Amino acid sequence: MLVLGVESSCDETGVALYDTERGLVAHALHSQVAMHGEYGGVVPELASRDHIRRVLPLTHKVMDESVRTLTDLDGIAYTQGPGLAGALLVGAGMARALAYALGIPAVGVHHLEGHLLSPLISDTPPEFPFVALLVSGGHTQLMQVAGVGRYALLGETLDDAAGEAFDKTAQLLGLGYPGGPALAKLAASGDAARFSLPRPMLNSGDFDFSFSGLKTAVLTLVKKAGAGVAADIAAAFEAAAVDVLVGKSLAACAHVSARRLVVAGGVGANARLRDQLTREAARRGIEVFYPRLEFCTDNGAMIAFAGAQRLAAGVVGDDMGFPVRPRWELAALDAVG
Ligand code: KG4
Ligand code: ZN
């Protein structure tokens with residue numbers, strides 16, 4: 001089964017082609033980061049307009065690279081939510097119209113399900129069940145995953161998402177938007193032990209997170225510490241955030257007796273998180289799976305893959321409508337298969 005995937009929930013337009021027999025065939029991405037950088041964050045109206053400009057050229061690129069034609073497609077998957085309503089409508093409208101013209105099903109995919117299943121786009125995918133740590137710019141959740149669509153929420157952030165905390169801390173240090181990768185780069189040359197920052201809720205006994213206090217602690221530190229210590233502050237922040245993410249993830253695995261942990265979302269690209277988590281998990285006999293680095297942040301491949309799982313399992317595509325769902329709980333999805 002050959003499925004085209006379209007992602008347009010936020011500031012990246014992603015298109016990809018996934019074959020359930022052969023794996024990922026082709027993928028293309030356009031990031032709007034440079035466009036929004038000028039404003040210090042995503043401007044929704046500009047995001048929608050840029051998705052309109054990019055989505056068809058990217059689709060042509062993917063089809064050309066794949067040496068397949070549109071008539072080879074068996075279905076089209078698009079991000080239905082959560083995300084920016086106007087941005088979602090661009091991908092949804094294009095996908096629905098193309099599916100109608102081709103007489104094939106279109107299926108709306110949950111953006112976080114895309115992230116969550118992205119480590120399965122691999123020659124050595126993890127088997128179900130597993131615990132998933134979802135750490136993106138908008139979400140921080142620990143999920144118990146029994147199969148496609150079988151997700152139970154173990155815990156989530158009570159305030160800022162992990163990626164948001166990286167971005168806001170980066171902003172405090174004057175690193176621009178989105179600051180996560182820049183902060184990680186600066187932290188690599190810093191001394192994480194020079195300043196000590198809190199590990200919020202590390203020992204709260206549940207699987208929830210809170211990152212807004214950490215951001216405030218950084219603000220206080222920035223004001224007090226003066227110039228020339230940005231790298232040390234970045235390293236101290238990263239160490240604190242990673243300690244919490246690692247501690248909570250392993251506690252969640254122990255709680256549900258999971259032997260496999262999957263990490264997904266933009267912060268899953270963080271090298272310190274990957275190193276520390278893999279090391280500490282191995283000590284407890286837990287194997288950790290990550291997406292390819294390029295599939296940590298938003299992309300079309302994860303949407304094509306998640307949509308293909310649903311269509312291959314017999315999920316019927318949507319009818320002629322394409323309602324987007326800017327707010328949508330992952331645990332509300334139907335089980336598949
Ligand atoms: O998954 P994603 O594209 O966003 C949402 O769907 O919300 O992830 C973007 C987030 C941003 O907050 C970005 O700063 C963060 O992931 N990020 C990182 C790194 N690379 C991206 N955070 C820490 N370290 C990184 N290397
Ligand atoms: Zn995302």
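**From a loop to the ligand and its sheet**

Pro178 sits in the loop that runs between α5 and α6; helices here are DSSP runs of H or I with at least four residues, strands are runs of E with at least two, and both are numbered from the N terminus. Tyr177 and Pro178 are linked by a cis peptide bond, with omega at about -15°. Before we go further: residues count from 1 along each chain as its sequence is written, while chains are lettered from A and ligands numbered from 1 in the order in which they are written. The model is predicted, with local features needing pLDDT of at least 70, side-chain atom pairs needing pLDDT 80 or more, and totals for chains, interfaces and linings using all residues, and side-chain values use heavy atoms, leaving out hydrogens and water.

Among the polar contacts (pairs of N or O atoms within 3.5 Å), a backbone N or O atom of Gly137 comes to 2.9 Å from an oxygen atom of the ligand. A backbone N or O atom of Gly163 is 3.2 Å from a ligand oxygen, and a polar side-chain atom of Ser136 is 3.4 Å from one. The ligand on its own exposes 560 Å², and the protein buries 87% of this, with areas from the Shrake-Rupley method and a 1.4 Å probe.

Ligand 1 takes up the space of the largest pocket. A pocket is an open set of points on a 1 Å grid over the protein atoms alone where a 1.4 Å probe fits, with protein on both sides within 12 Å along at least five of seven lines.

β6 covers residues 130–135, and six of its six residues are buried, that is, under 20% relative accessible area, where exposed means over 50% and partly exposed lies in between (1.4 Å probe, protein chains only). Side chains in a regular strand alternate between the two faces of the sheet. In β6 both faces are covered: one carries Phe130, Ala132 and Leu134, the other Val131, Leu133 and Val135, and all of them are buried.

What partners does β6 have? On the antiparallel side, six bridges connect β6 with β7 (residues 140–147); strands count as paired when DSSP finds at least two bridges between them. Phe130 has Val145 as its bridge partner in β7, and a hairpin of four residues links the two strands. With β9 (residues 260–264), β6 runs parallel over four bridges, and here Ala132 is partnered by Val262.

The sheet carries on past β7. Six bridges join β7 to β8 (residues 150–156) in the antiparallel sense, and Gln141 has Glu156 as its bridge partner in β8. These two strands form a hairpin with two residues between them, where Gly149 in the turn has a positive phi of about 85°.

Ser257 is not a glycine, yet has a positive phi of about 55°, and with a relative accessible area of 60% it is exposed. Met201, in the loop between α6 and α7 (212–225), is another non-glycine with positive phi, at about 65°. At a relative accessible area of 23%, Met201 is partly exposed.

To close the tour, let's return to cis peptide bonds. Another joins Gly81 and Pro82, with omega again about -15°, and Pro82 belongs to the loop between β4 (75–81) and α3. Helix α3 (residues 85–102) includes Leu89, which is partly exposed at a relative accessible area of 40%. Leu89 and Tyr78 are separated by 11 residues in sequence and by 9.7 Å in space, C-alpha to C-alpha.

Conventions:
A polar contact is a pair of N or O atoms within 3.5 Å; within protein, one must be able to donate a hydrogen and the other to accept it, and residues adjacent in sequence count only if both atoms are side-chain atoms. On a 1 Å grid over the protein atoms alone, a cavity is a set of points where a 1.4 Å probe fits but cannot get out, and a pocket is an open set with protein on both sides within 12 Å along at least five of seven lines; lining residues have an atom within 4 Å of a point. A molecule sits in a cavity or pocket if more than half of its atoms lie within 2 Å of its grid points.
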